[in-house]
Amino acid sequence: MARVRQGRAEITRQAILNGAAVAFDHGGFGGTSLSDVVKHAGVTKGALYFHFQSKEALARTLMDEQFQVSEGVPEIVDPGLQTVIDLTHQLAFGLRTNVRIRAGMRLVIEFGSFTHPDPSPYNAWIDTCHGCLTPAQERGDILAALNTYDLATLIVGSFTGIQVTSHVRTEREDLHARVVDLWKHLLPGIVPADRIAVFDPAGSSTCRARLGLLAQRTTPTQPTSYPTAPNPRAVTAG
């Protein structure tokens, strides 16, 4: 009987998070009330308060959820630069397909504003990327002169700006293509020339298969020849 109650409680909790995600995705933190959450979740206010004491507690839970995309990183035997590339595509896919990730990202940006700054979500992403870039540099995949923590900070900041721009311009329809552009332009400046071909800006074949992305392997522009880049719109979500 206790297991049945626990199961029902978890179903209710997930319904509340789903409803909160829809509300936050549409109205942001300031534009969302608990009544909005209750309406979208289809639960009572009593049920909501049983699981979450405040609107901020709901927001924090959704903000934390977006980092689940990196949960498997510690289990990777040899994390590296391609791991970081794949993570950006995984998050891009989540932003396009999962309202809870979209809401979490919107809340991260709002909570990182000048009014109520909270750097912790960004720091968590930077630390994850840094943990992959450091062994990559030790293997010779990243130029020795570069500071990998600064590089991780640049990647996180660049992705954040790209996804916001993509959201405003195309409702993120072109987000994967823009991520490919990011890596095609970034790799020649951070990877030794003889190692660039090792990395795929469109994501590894395993990553693309997992996400259902239809794309051929792309080769980043070499810094000395500047060939015509492939059409980035060839990268679409399945």
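**A buried residue and its surroundings**

Modeller: Ile-16 has a relative accessible area of 0% and is therefore buried. The model is a predicted one. Ile-16 belongs to helix H1, which covers residues 2–27. Leaving aside residues up to four places away in sequence, Ile-16 touches Val-37, Ala-41, Val-43, Ala-47, Leu-48, His-51, Phe-52 and Leu-58. As for Lys-39, its C-alpha atom is separated by 9.6 Å from that of Ile-16, and the two residues are 23 apart along the chain.

Next come the aromatic rings. The count of aromatic pairs comes to 1. The pair is formed by Phe-24 and Phe-29, with 6.1 Å centre to centre and 15° between the planes, and is stacked. The cut-off for stacking is under 30 degrees between planes. The two members are placed as follows: Phe-24 counts as buried because its relative accessibility is 0%, whereas Phe-29, with a relative accessible area of 21%, is partly exposed. The ring of Phe-29 also has a charge over its face, that of Lys-55, at 4.3 Å from the ring centre.

Now the wider chain. The protein chain has 10 helices and 2 strands. Along the sequence the pattern reads α-α-α-α-α-α-α-α-α-α-β-β. Of the 238 residues in the protein chain, 45% are buried. If contacts between residues at least 6 apart in sequence are taken, 67% of them join residues at least 24 apart.

Helix H5, residues 81–97, packs against helix H7, residues 120–138, at an angle of about 150° and with the axes 7 Å apart. H5 and H7 are therefore roughly antiparallel to each other, since angles over 145 degrees count as such. On the H5 side the contact is made by Leu-81, Thr-83, Val-84, Leu-87 and Leu-91, and on the H7 side by Trp-125, Thr-128, Cys-129, Cys-132, Leu-133 and Ala-136. By class, the residues of the contact of H5 with H7 are 9 nonpolar, 2 polar and no charged.

His-89 is also in helix H5. His-89 counts as buried, because its relative accessibility is 0%. With residues up to four places away in sequence not counted, His-89 touches His-176, Val-179, Val-180, Pro-201, Ala-202, Gly-203, Cys-207 and Leu-211.

Last, the backbone in one loop. Glu-171 lies in the loop between helix H8 (148–170) and helix H9 (175–190), and Arg-172 is placed in the loop between H8 and H9 as well. Glu-171 is not a glycine, yet has a positive phi of about 55°. Arg-172, also not a glycine, has a positive phi of about 70°. As to accessibility, Glu-171 counts as exposed because its relative accessibility is 67%, while Arg-172, with a relative accessible area of 7%, is buried.

Key: Residues numbered from 1 in each chain as written. Predicted model: local features only at pLDDT ≥ 70, side-chain atom pairs only at ≥ 80, totals over all residues. Heavy atoms only, no water. Axes fitted to C-alpha atoms, helices over the stretch in contact; angles between N-to-C directions. Helix = DSSP H or I, 4+ residues; strand = E, 2+ residues; numbered from the N terminus. Parallel < 35°, antiparallel > 145°, perpendicular 65-115°, else oblique. Contact = heavy atoms within 4.5 Å. Nonpolar A, V, L, I, M, F, W, Y, C, P; charged D, E, K, R; others polar. Buried < 20%, exposed > 50% of the residue type's maximum accessible area, 1.4 Å probe, protein only. Phe/Tyr/Trp six-rings, centres within 6.5 Å; stacked < 30°, edge-to-face > 60°. Lys NZ or Arg CZ within 6 Å of the ring centre and 35° of its normal.
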